[in-house]
Amino acid sequence: MSIETKLAELGITLPDAPAPAANYVPYVMTGNLLFVSGQISPAKGRLGADLAVEEGAEAARACGLALLAQARAALGSLDRVARVVKLTGFVNSTPEFTDQPEVINGCSDLMVEVFADKGRHARAAVSAAALPRGVAVEVEAIFEFA
């Protein structure tokens with residue numbers, strides 16, 4: 001089954017690949033790896049102050065959708081993704097907040113939903129005192145492609 005068919009079955013519509021907001025490119029391809037720049041969530045605020053874990057996970061899922069949109073723009077088709085190699089997630093959170101892994105699961109779970117075992121990946125989930133434009137979550141990705 002193609003990934004586009006899988007997305008349709010899951011009721012997922014990808015957004016347009018967001019344009020860079022500063023002096024960088026949205027992705028770089030080298031060898032058989034695709035590095036996608038950090039994608040920010042539409043949700044703003046800080047986990048532990050303004051947002052609950054569930055809202056953070058939804059924000060991370062939105063980042064994942066943008067990552068997939070960038071990957072599709074780079075590769076022409078998500079069927080070329082051989083593996084999700086690594087995600088790095090940044091969570092705008094208070095010093096006391098310690099549920100960063102549960103927040104970034106919103107993105108990780110999406111990758112497994114879409115790619116099954118090829119979506120299982122290495123990962124970092126870290127706290128940030130602030131993120132660009134006050135967003136709640138930012139996630140970057142490395143994909144292997146064929």
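How many residues does α2 have, and how far does α2 reach from its first C-alpha to its last? Helix α2 has 23 residues and reaches 32 Å between those two atoms. That is close to the 33 Å expected at 1.5 Å a residue, where the expected span is 1.5 Å times one less than the number of residues. Helices (H or I, at least four residues) and strands (E, at least two) are DSSP runs, numbered from the N terminus. The model is predicted: local features need pLDDT of at least 70, side-chain atom pairs count only at pLDDT 80 or more, and totals for chains, interfaces and linings use all residues. Residues are numbered from 1 along each chain as its sequence is written, and side-chain values use heavy atoms, with hydrogens and water left out.

Helix α2 covers residues 53-75, and V53 lies in it. V53 counts as partly exposed because its relative accessibility is 22%; buried means under 20% relative accessible area, exposed over 50%, and partly exposed in between (1.4 Å probe, protein chains only). Leaving aside residues up to four places away in sequence, V53 touches L47, F97, D99, E102 and V103. Contact here means heavy atoms within 4.5 Å. I40 is 13 residues from V53 along the chain, and their C-alpha atoms are separated by 17 Å. Just after α2, G76 takes a positive phi of about 85°.

Salt bridges were examined next. A salt bridge is a side-chain nitrogen of Lys or Arg within 4 Å of a carboxyl oxygen of Asp or Glu. By this rule the count is 3. Side chains of opposite charge can pair when their charged atoms come close.

R72 lies in helix α2 and E4 in helix α1 (residues 3-10), so the pair ties together parts that are 68 residues apart in sequence. R72 is partly exposed at 27% relative accessibility, and E4 is partly exposed at 34%.

Another salt bridge joins R61 and E113, at 2.8 Å from N to O. This pair links distant parts of the chain: R61 is in helix α2, E113 is in helix α3, and they are 52 residues apart. Both are partly exposed, R61 with a relative accessible area of 21% and E113 with 30%.

R120 forms a salt bridge with D117, and their closest N and O atoms are 3.3 Å apart. R120 is partly exposed at 46%. D117 counts as exposed because its relative accessibility is 55%.

A116 has a positive phi of about 55°. A116 sits in the loop between α3 (100-115) and β4 (122-128), and its relative accessibility of 39% makes it partly exposed. R133 has a positive phi of about 60°. R133 is found in the loop between β4 and β5 (137-145). With a relative accessible area of 58%, R133 is exposed.

F35 belongs to strand β2 (residues 33-40). F35 is partly exposed at 34% relative accessibility.
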